[in-house]
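Student: I've got a protein model open and I'd like to go through it with you. Can you help me read it?

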Amino acid sequence: MTAPALRVLSLIPPMTQLNTPYPSTAYITGFLRSRGVDAVQADLALALVLKLFSPAGLESVRSHALAQPEAQRTASVHAFLDQFARYRATIGLVIAFLQGRDSTLAHRIAARELLPEGPRFAALEVYVDAALSEGGDPLAWAFGALGVQDKARHIATLYLNDLADVLRDAVDERFAFVRYAESLASSQPTFAPMAAALAAPFTLVDEILHTLTLATLSQHKPDLVLLSVPFPGALYAALRIAQTIKAQNPHITIALGGGFVNTELRELAEPRLFDLVDFVTLDSGERPLLALMDFLQRKRSKQRLVRTFVREENTVRYINFVEPEVPFEEVGTPTWDGLPLDRYLSLLDMLNPMHRLWSDGRWNKLTVAHGCYWKKCSFCDVSLDYISRYETASATTLADRIEAIVNETGQTGFHFVDEAAPPKALKALADELISRQLPISWWGNIRFEKTFTPELCQLLADSGCIAMSGGLEVASDRLLTLMKKGVSVEQVARVTKGFSDAGILVHAYLMYGFPTQTVQDTVDALEYVRQLFENGCIQSGFFHRFSCTVHSPVGRDPAAYGIELIPLPPVTFAKNDIGFIDPSGVDHDALGVGLRKAIYNYMHGIGLDEDVRAWFSHVPGKVPKATVGRNRIAKALTQPA
């Protein structure tokens with residue numbers, strides 16, 4: 001007897017993004033439908049936020065805040081309670097405005113008289129110094145006379161951030177828009193902290209998520225639920241969802257996968273996780289899911305599962321019947337069908353025109369190529385499938401996918417979410433987009449390699465490219481060589497200038513604390529970064545603290561990088577980051593404060609004339625002068641590549 005067809009429900013758990021759906025469910029739903037599977041999807045992250053940030057949601061938050069002893073209330077909670085009537089009256093208006101459903105409200109929001117203001121509005125002080133010459137109004141300096149919509153969106157975002165702080169301080173100490181309960185999952189060697197949190201009574205956030213999960217089950221009636229966990233900050237909520245599903249209908253099969261699982265649960269040995277989920281799959285989901293569905297429909301044995309953890313007799317077992325991957329050319333077109341595209345929130349956390357792209361606007365997310373064509377960087381997880389298995393699709397296939405997505409969503413903005421989009425593939429795609437006269441806007445992530453000539457940059461701009469991000473990392477040729485990055489600082493300057501001259505915004509991923517990095521290296525790196533901003537090569541950047549992972553070349557061969565790893569405790573759950581001892585003894589935490597402050601100001605055009613040592617005034621001891629000439633980048637830009 002043939003088993004009945006399965007209905008598959010893919011869920012996005014809290015928290016991921018608020019401005020656009022995280023693409024994993026769109027990818028897998030599109031793939032499954034291309035294979036004739038009855039597949040649907042839902043975004044419980046967005047649904048949770050919309051329930052919390054509503055008049056009824058704020059009433060519940062207020063009840064929790066009032067139950068707190070007054071001495072324990074933070075400034076955020078006091079401001080919320082003192083101005084509660086205004087918050088309750090305006091929350092619906094703000095959500096509608098951020099969803100693009102009430103744009104005329106911008107004038108009232110921008111006037112700063114409609115919305116209550118809490119501690120987050122202190123961030124506006126960063127613009128005060130720069131605004132002095134403009135009459136003393138920091139937002140007038142930042143947005144000018146015509147930027148009413150953006151000014152209002154920034155104010156509304158600060159308003160929401162104030163409310164998120166209240167949720168954290170009065171309702172659920174783990175709450176955050178992105179890193180929700182992250183410490184329970186990230187590199188957590190044992191499941192015990194997560195188990196304790198899941199055994200605790202529901203918070204208000206848990207209660208709402210429980211109700212939303214039940215409603216979603218009632219609507220879709222799935223046989224198989226796929227929980228996609230891209231980040232550590234999505235695991236707790238994913239398991240709360242699983243808890244609700246199993247309590248409601250234990251016959252529903254649940255599979256867990258996603259970026260966090262692929263990176264951190266590769267050595268999973270914790271049987272308690274399987275009280276909540278039935279299967280855990282690794283790496284690209286297409287092949288494991290086809291095998292799993294065959295198994296559930298009695299078309300194959302358990303021994304023929306692919307890259308899948310199961311529990312047998314209270315022991316975790318990994319099964320990997322090796323089969324060819326589904327070629328990237330055949331994974332199908334992502335679909336956003338079933339997701340409420342008109343309900344996402346376009347936020348404006350930062351005024352920088354490049355930085356805002358991550359939170360402002362609803363972007364269709366698409367991948368040009370699977371994996372990374374370079375796959376040599378010593379800080380990267382080059383041994384894992386999402387980096388090591390490099391596959392492309394033809395420009396024709398990619399353009400077909402783009403056209404299908406535009407027709408489905410009615411939106412022409414695309415974010416190519418590759419680890420590093422290959423220049424050859426981007427050129428072919430640009431030619432195809434231009435030949436089809438397909439007017440889209442797109443941005444993505446690349447390596448700043450010399451293949452990106454000014455001519456190619458202009459071609460990409462002509463095809464709709466509006467922004468590029470890429471890794472400059474430590475801005476030190478010595479360390480870039482040690483990293484096997486394959487670029488030099490001067491090369492990055494010429495490439496980024498080519499993009500900027502073509503009208504394409506550029507964001508640089510920056511790093512500090514890499515093994516053997518000295519104070520002098522750090523000061524010199526910031527001087528390079530200052531000059532890149534000064535010369536119009538980049539418009540945005542972010543300094544990340546280097547983290548050693550067990551999957552990276554540094555983690556696999558620490559002696560080659562002059563460090564000693566700190567032994568990990570026994571691991572049965574998550575394993576990724578690993579501590580290390582760097583004999584240089586540099587206080588990277590102190591330096592990081594100055595780096596982050598400098599880059600924040602540079603992105604707003606502030607402090608570009610100052611000696612970079614001014615940003616390290618808090619660092620104990622004497623900070624050395626930069627050894628980089630103040631015109632080094634300007635000179636490099638005059639030289640041929």
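Student: How far is the sulfur of Cys 457 from the closest cysteine sulfur, and in which residue does that one sit?
Tutor: Quick note before we start: this is a predicted model, where local features need pLDDT of at least 70, side-chain atom pairs count only at pLDDT 80 or more, and totals for chains, interfaces and linings use all residues. Residues are numbered from 1 along each chain as its sequence is written, and side-chain values use heavy atoms, with hydrogens and water left out. A disulfide is a pair of cysteine sulfur atoms within 2.5 Å. The gap at Cys 457 is too far for a bond, because the closest cysteine sulfur lies 8.3 Å away, in Cys 465.

Student: How many bridges join S6 to S7?
Tutor: Strands (E, at least two residues) and helices (H or I, at least four) are DSSP runs numbered from the N terminus, and two strands pair if DSSP finds at least two bridges between them. S6 covers residues 308-312 and is joined by two bridges to S5, residues 279-281, running antiparallel. S6 also runs antiparallel to S7 (residues 315-319), and the bridges there number five.

Student: Which residue in the turn of the S6 and S7 hairpin has a positive phi?
Tutor: Within this pair, Phe 309 stands opposite Tyr 318 in S7. The hairpin has two residues between its strands, and the one with a positive phi, about 50°, is Glu 313.

Student: What is the volume of the largest cavity?
Tutor: On a 1 Å grid over the protein atoms alone, a cavity is a set of points where a 1.4 Å probe fits but cannot get out; a pocket is an open set with protein on both sides within 12 Å along at least five of seven lines, and lining residues have an atom within 4 Å of a point. Points join across faces, edges and corners, and a volume is the space filled by probe spheres set on them. The search finds one cavity of 30 Å³ or more. The space in the largest cavity is about 30 Å³.

Student: Which helix gives the largest share of that cavity's lining?
Tutor: The lining includes Leu 52, Phe 80 and Val 166. Helix H3 (55-67) and helix H9 (148-170) each supply at least two residues. The largest share, three residues, comes from H9.

Student: Which element gives the most to the lining of the second largest pocket?
Tutor: This pocket has a volume of about 320 Å³, and 18 residues line it, with Ala 42 and Gln 219 among those nearest its centre. With five residues, the one giving the most is H11.
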